[in-house]
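The following questions and answers concern a single protein chain. Please consult the sequence and the structure as they are shown here.

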Amino acid sequence: MGPRVAVVGGGLSGLTAAYQLSRELPDAHVTVLEASDRPGGALHTVDFPSGPMELGAEAFIGRRPEASDLVAELGLTGSLRHPGPLGPAILTGGRMVPMPVGTLMGLPSDVGALADVLSPRERAAAAREVDLPLDWEPGGDVSLGSLVSERFGHAVVARLVDPMLGGVYAAPSTGLGLRQVIPGLAQALDRGAPSLTAAARELVAHRVPGPVFATLDGGYRLLVDALVRASGAVIRTHATCTALHRDGSGYSLAVAGDRGSWSEEADLVVVAVPVPHAAPLLEGAGGLDAATSGLSAIRTASSAVVALEVDRSLDLPERSGVLVATDEPVPFKAMTLTSRKWPHLDTRPGHLVRVSFGRIDDDEVLAADDATLTRMAESALGGLCGSAPTVLHSRVRRWSDALAEIGPGHDTRISGVRAELAERLPGVELVGGATEGVGVPACIGSARAAARRLASGWQD
């Protein structure tokens, strides 16, 4: 008889872990406990009258193998779609300017290309970076934003690096670790690059040609549905795990649902919920020491997406989207001009647009109700286009504690958490965006690796 497996959290990480465990342990009985009314987590495709629209993650990095391999395994390769040729703009100084060429996550490889973003004085300061002595310890990690600010000046952080990273992490780059966020840059410095400019120039010169991002025609619901089917797991929605207890050689999970409470017994457990929910479960079970593990210290940000379909009389900019400098006095942090970015979606009756709100330590805008957020999104779009949009359809989706701040030394911290769990709660794994990093490929990789460790331990 195979093991009983409980997966706490039915987002991408939890569903991927369930799927991988079903492959590694075909006799396992897998139950996924999802607190909301549907599986998928931050992958949330909804139906506009004109067709599907994403309210959560919209794309993944196609050059990383984790997502592409999973899509192929599930038979979804034929649904892959890539962005068109348009690039993003940056909103700075009250105007939209093209993202400068030759940047690496906003880090310049040629300061001369920053004329539209920096003043002459700011460019002169940034140009001196290449001659500044660099004190870098191979294998080390530092605050990305602090290092860039120190060497290029704060303007490069506010108008290039933070806008590029804000949509993914919803956190300022001062709180992000260089090695986790831009691993290629850390590796170039490890190899002896004499400056950040030189390291960025090396990486930009060796970029692989072709599209960076990919999505699925029909939306991420295709991936969610395929994972549910392929895993064979029992999906219990409206099921919140409130406590985890060691029970002999297995575990007992206290679950609260819309039809009462019950206990779920398991031999193996995957915890795949955001840190503010995962940490109390693991600490309460005796798997982690709250004072030393550092898991509770990982900060998270909430966000909101307003999705719009607007009449095509609105003249959308010829850009894939707009990133907002953090010194720009507007409430939104980014806007995806979906119809411009994705050619396969530019056949709808109206233009599709997504407006994103919410940064870490700046939740005031998220306190607004849905109607107010929608009006703010409409106003932002109208301001960029020069005329008010006629909205055909809109939806708002809020994401609570969805994005983790991946700080310096994050890998070491998570390794310590995993070692502590292995010693105190064997057969329990933690996965998700707060482990190997945010983003679809990272979540998939984290979940599959954890599932393989659980299967190996069970078979031993």
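Q: Does Arg424 count as buried, exposed or partly exposed, and what is its relative accessibility?
A: This is a predicted model, in which local features need pLDDT of at least 70 and side-chain atom pairs count only at pLDDT 80 or more, while totals for chains, interfaces and linings use all residues. Residues are numbered from 1 along each chain as its sequence is written, and side-chain values use heavy atoms, with hydrogens and water left out. Buried means under 20% relative accessible area, exposed means over 50%, and partly exposed lies in between (1.4 Å probe, protein chains only). Arg424 therefore counts as partly exposed, its relative accessibility being 36%.

Q: Which residue forms a salt bridge with Arg424?
A: A salt bridge is a side-chain nitrogen of Lys or Arg within 4 Å of a carboxyl oxygen of Asp or Glu. The closest N and O atoms of the pair in question are 3.6 Å apart. The partner of Arg424 is Glu420.

Q: Is Glu420 buried or exposed?
A: Glu420 has a relative accessible area of 14%. With this value, Glu420 is buried.

Q: How many salt bridges does the structure hold?
A: Side chains of opposite charge can pair when their charged atoms come close. One of the pairs here is Arg4 with Asp267, at 3.1 Å from N to O. In total, the number of salt bridges in the structure is 23.

Q: How many residues apart are Arg4 and Asp267, which meet in a salt bridge?
A: Helices (H or I, at least four residues) and strands (E, at least two) are DSSP runs, numbered from the N terminus. Arg4 belongs to strand 1 (residues 4-8), and Asp267 to the loop between strand 15 (260-266) and strand 16 (268-271). Arg4 is partly exposed at 33% relative accessibility, whereas Asp267 is buried at 16%. The pair links distant parts of the chain, with a separation of 263 residues.

Q: Which helices hold Glu24 and Arg452?
A: Glu24 and Arg452 form a salt bridge whose closest N and O atoms are 3.7 Å apart. The pair ties together parts that are 428 residues apart in sequence, because Glu24 lies in helix 1 (residues 12-24) and Arg452 in helix 14 (residues 440-459). Glu24 is partly exposed at 27% relative accessibility, and Arg452 is partly exposed at 42%. The elements asked for are thus helix 1 and helix 14.

Q: Where does Met105 lie?
A: Met105 is not a glycine, although its phi is positive, at about 50 degrees. Its relative accessibility of 29% makes Met105 partly exposed. Met105 is found in the loop between strand 9 (103-104) and strand 10 (107-108).

Q: What is the relative accessible area of His238?
A: His238 lies in the loop between strand 12 (234-236) and strand 13 (239-247). Phi of His238 is positive, near 50 degrees, in a residue other than glycine. His238 is partly exposed, and its relative accessible area is 34%.

Q: Leaving aside neighbours within four places in sequence, which residues are in contact with Gly106?
A: Gly106 is in the loop between strand 9 and strand 10, and it is buried with a relative accessible area of 0%. Contact means heavy atoms within 4.5 Å. Leaving aside neighbours within four places in sequence, the contacts of Gly106 are Val156, Leu160, Val161 and Met164.

Q: Leaving aside neighbours within four places in sequence, with which residues is Ala193 in contact?
A: Ala193 occupies the loop between helix 7 (183-190) and helix 8 (196-205). Ala193 is buried, at a relative accessible area of 11%. Leaving aside neighbours within four places in sequence, Ala193 is in contact with Leu134, Ala188 and Ala199.

Q: What is the radius of gyration of the protein chain?
A: The radius of gyration is taken over C-alpha atoms, and the globule rule is 2.2 Å times the number of residues to the power 0.38. For 460 residues, a compact globule would have a value near 23 Å, and the chain agrees with this. The radius of gyration of the protein chain is 23 Å.
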